[in-house]
Amino acid sequence: MKILFIGDIFGSIGREMVDDYLHRIKNKYQIDFVIANCENATHGRGMSKKHYDELSFVGVDCMTMGNHTFDNRELYDYIDEADRLVVPFNQPKVLPGVGSRVFNVKGTKIRVTNCLGCVYMDYRNANPYDEIDKYLDMECDIHIIDFHGEATSEKITFASYCSGKANAIIGTHTHVQTADERVLRDVAFISDVGMTGPYESSIGIDLDLAAARMRGLNQKFAVAESSGQLCAVVIEIEDGKTKGIGRILINDDHPFES
Ligand SMILES: [Fe+2]
């Protein structure tokens, strides 16, 4: 079983990159199932119903979220019908959504779970360790977890904790792809899969506006306009055993090779 995990899709440029490359990636790597983090899919903030439908149409089988899940308030209207959507299980309990979901792929039950880190994140989120054992014990053949967090140390520690009970812990949120992918104690791991969005940007935001904001000016952020990049990993699992993880990076400096 080969599972593609696409890093945080950011705005229209990110969605266009998925549209342009997903079919080619699926062919090249013989992908069986596609997961994408979509918490920034609509103008960098949340995901509209239109974009949920578009990403479903182009072949994203499961969409995970993060700290920006409800930035687009339209989600409240369609979340109950969105059967491809998985939102962090340790977000405040007052918020709706499913934190772990099983997808039946060619007779194999793939569970996808989403959680938020605690380090440098919103204090209202619960500690993921409080509940993760419950999800690790749930029925499935393959278990992939999107760990949406800031700190590399928190992510690698979590991956180690899930050893023997999950197949992959994939880091999201920082938007910068790390080069530490490996199978760690039988768990496919990467600290951060990276962002699928504007290449010339500060994690998706216009560089000049980001600099003005950091200098102290009361500057609103805007999505950068530039060529796109696509960041992803391919996770390989055989008979329930994690076999490998490989990075994909596509941008002007790293063109796609078919
Ligand atoms: Fe995030």
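With 28 C-beta neighbours inside 10 Å, His173 counts as buried; a residue is buried if 20 or more other C-beta atoms lie within 10 Å of its own, exposed if 12 or fewer, and partly exposed in between, with C-beta atoms placed from the backbone. The structure is a predicted model, in which local features need pLDDT of at least 70 and side-chain atom pairs count only at pLDDT 80 or more, while totals for chains, interfaces and linings use all residues. Residues are numbered from 1 along each chain as its sequence is written.

His173 lies in the loop between β8 and β9; helices (H or I, at least four residues) and strands (E, at least two) are DSSP runs, numbered from the N terminus. The phi of His173 is positive, near 105°, and His173 is not a glycine. Tyr120, also a residue other than glycine, has a positive phi of about 60°. Tyr120 is placed in the loop between β6 (108-116) and α4 (129-136), and counts as exposed because 10 C-beta neighbours lie inside 10 Å. Most residues other than glycine have a negative phi.

Three bridges join β9 to strand β10 (residues 187-190) in the antiparallel sense, and Arg182 stands opposite Phe189 in β10. Two residues are in contact if their C-beta atoms, placed from the backbone, lie within 7 Å.

## Strand β1 and its partners

Four of the five residues of β1 are buried. β1 runs antiparallel to β12, to which five bridges join it, and the bridge partner of Leu4 in β12 is Val234. With β2, β1 pairs in the parallel sense over four bridges; Phe5 stands opposite Ile35 in β2.

## The nonpolar core

The largest nonpolar core has 65 residues, of which Phe5, Ala36, Ile144, Ala168, Ile169, Val233 and Ile235 touch the most other members. β12 gives the most to this core, with seven residues. Such a core is a set of buried Ala, Val, Leu, Ile, Met, Phe, Trp, Tyr and Cys residues joined through C-beta atoms within 7 Å.

Residues up to four places away in sequence aside, Ala168 touches Ile144, Ile145, Val187, Ala188, Ile235, Thr242 and Ile245.

## Thr64 in strand β3

Thr64 belongs to strand β3 (residues 62-64) and is buried, because 31 other C-beta atoms lie within 10 Å. Not counting residues up to four places away in sequence, Thr64 touches Ile35, Asn37, Cys38, Val86, Val112, Asn114 and Asp146. Thr64 and Asp146 are 82 residues apart along the chain, yet their C-alpha atoms are separated by 7.2 Å.

## Helix α1

Helix α1 (residues 11-29) has 19 residues and should span 27 Å at 1.5 Å a residue; its end C-alpha atoms are 25 Å apart, which agrees. The expected span of a helix is 1.5 Å times one less than its number of residues. α1 bends by about 45° at Tyr21, the bend being the angle between axes fitted to the seven residues ending at a residue and the seven starting there. After α1 comes Gln30, whose phi is positive, near 55°.

Gly11, Ile13, Gly14, Arg15, Met17, Val18, Leu22 and Ile25 are buried in α1. The elements that cover the buried residues of α1 include β1 (2-6), β2 (33-37), α2 (49-58), β11 (197-198), β12 (228-238) and β13 (241-250). Lys26, also found in helix α1, is partly exposed, with 16 other C-beta atoms within 10 Å. Beyond residues up to four places away in sequence, Lys26 touches Ile31 and Gly59. Lys26 and Gly7 are 19 residues apart in sequence and 15 Å apart in space, C-alpha to C-alpha.

Note on methods
Pairing = 2+ DSSP bridges.
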